[in-house]
Amino acid sequence: MNLIYLALIILVLLFVGSSYMKKRVYKRVDKLESWKNDILHRSIPDEIGKVKKLTMAGETEEKFETWRMEWDDIVGVILPDIEEKLFDIEEYAAKNRYNKAKQLLVMTENRLSGIEEQLKVMLADIQKLIESEEQNRTEIASIQEKYETLEHNLSEKKGTLAEAYPLFHERLQGINDELTTFEEATGNGSYLEAREHLTDAAQLTQTLEELMAEFPKLLVQVDVVLPGEIKEIRKGIEDMKKDGYQLESFAIPKKLEEIEKRIQELRERVVTLEFNEVEEAVKEEVKRLEELYSILEYEVESKTIVYNKMADLETVIEKGEKEVEALLSETIAIQESYLISIERLNQQKEMQKRIEDLSSQLVVIIDLIENKKQSFTSIRELIQDWLQDIEQALNEIMEEKETMFSMREEENQSKERLISLRAMLFDTKRLIQRSNIPGLPTVYLEKLELAEQKLLESFALLDQIPLELENVNQLVSEADELIDETHNEVHDLVYLAQLSERVIQYGNRFRSRSDNIQSQLIEAEQLFRQFQYKEALDCAVHAVEEFEPNVVTIVEEHISA
């Protein structure tokens, strides 16, 4: 029983599957049938028929016959064969031969796709042929007119075109040949070939128009403008030489020859109608000639500047000689009172030698100017360098003179500072005397003694002749630092002694309160008499702070008041 049910189920599944496959095949067959019918009913004959309006000869007639035969083959042979294949596919599907049906479906689809591609190419070729005929018909008049204009202009300008005329005529003949071939191809119905010749003619025409427009301008540049500029420069050189200018170092004639050679090469390219980059090359030569003009103009300007500066140069060197002489005289006078180092004296000799060298250089420069031995441009550069050197030398001399003059000022400043330090040292000693403190610790006494010794040594050094300012300044600096430091330390020590004494005195009111306070204050007094004022203050504060924590503040306020 189960086997029967299973068999029934299998039969049902096979039936359903078979029905599904048939529907798929029939659906694809219907689609291909519609595609075939669409191709069959297209207006291809009408498109092919448009070609009949053209001249039916040569290439056009051949293409028309080819396209007509291709369409007849598609309609009469290929599409009917496809129709039969579609019937065969349906029969295979009815007999459940689905693999065979699928193979025929794929083959049929490929054939229809091939027909589509064939028709696509055919219609494109038809359109191209028709458009070519239309474009040819539209453009020929304009190109023919341009050709005639060129022919007329070429005839009129035969003289101005010089040796380039044959090449222009040859180019014009090339256009005529293309137009003639165009007419022949058109008469033979070869519109595509005619299109190519017309396009070539248009390009040749445009190129020849541009050449005829550019040729006169370029020829004028290489035949007239540039040679004229070269002639002017050569004339300018000759005139300048007559006026005494020395121009050999600029090598301008050689540069002009090189430019002439390049201009001749450019001319050959112009008359052979090879204009590529010629215009830019002409601009480069113009630029080079402008640079040569600039060299000559600068030389003329340099001459004016050189002659204008001649008198100034002699004035400047005279000033340098006087300044260095004054420096040396001042140094000799100062040496009577001050000791000057060998290094500084050697530096001054170098300054003197430098002025002498600059004076010798100036003699050479003046000789170059008067006898016109070099270009004024090079002499101008020599003068500029010389002026920089003399200016630097004068600055160094002036700085050295100021240094010499400042020696007396330094001496006076040292004297004034020593007098001030002596007053400060006196004030320090008087402070000690007025303070009535028991005495000073040994280190303070030694510092006071050393400070006084430094002061005496400085005064003694200032009285020496010649005076060695560097040693004086060093000793005064040491004395300044030591006396200032000693004064401040003594001032602080005196204040500390007064403070400790007052705290001890303030603490006496608490002596009777305990033996401990009594003994600590006695110890503080002993430290005070031993000049140990810091220790005395600490001991007294420690004794009193139990009864008066702010004793130091109270005593300081009392001292201030």
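Author: The crossing of α5 and α6 is left-handed, a term used if the near helix is turned anticlockwise from the far one by less than a right angle, with clockwise giving right-handed. The helices α5 (165–187) and α6 (191–242) are DSSP runs of H or I with at least four residues, numbered from the N terminus. This is a predicted model, where local features need pLDDT of at least 70 and side-chain atom pairs count only at pLDDT 80 or more, while totals for chains, interfaces and linings use all residues. Residues are numbered from 1 along each chain as its sequence is written, and side-chain values use heavy atoms, leaving out hydrogens and water.

Two packed helices are described by the angle between their axes and the distance between the axes. For α5 and α6 the angle is about 160° and the axes are 8 Å apart; axes are lines fitted to C-alpha atoms, for helices over the stretch in contact, and angles run from 0 to 180 degrees between N-to-C directions. That angle makes α5 roughly antiparallel to α6, the word for angles over 145 degrees. By class, 15 nonpolar, six polar and four charged residues make up the contact of α5 with α6. Here Ala, Val, Leu, Ile, Met, Phe, Trp, Tyr, Cys and Pro count as nonpolar, Asp, Glu, Lys and Arg as charged, and the others, Gly among them, as polar.

The structure holds one cavity of 30 Å³ or more, and the largest cavity has a volume of about 40 Å³. A cavity is a set of points on a 1 Å grid over the protein atoms alone where a 1.4 Å probe fits but cannot get out, and lining residues have an atom within 4 Å of a point. Grid points are joined across faces, edges and corners, and the volume is the space filled by probe spheres set on the points.

Which residues line the largest cavity? They are R171, I175, L204, T207 and L208. Both α5 and α6 supply at least two residues of this lining, and the largest share, three residues, comes from α6. Sorted by class, the lining has three nonpolar, one polar and one charged residues.

For another helix pair, look at α13 (residues 515–529) and α14 (residues 533–544), whose axes come within 8 Å and cross at roughly 165°. Helices α13 and α14 are therefore roughly antiparallel to each other, and their crossing is left-handed.

Technical notes
1 Å grid on protein atoms, 1.4 Å probe; cavity = no way out; pocket = protein on both sides within 12 Å on 5 of 7 lines; lining within 4 Å. Parallel < 35°, antiparallel > 145°, perpendicular 65-115°, else oblique.
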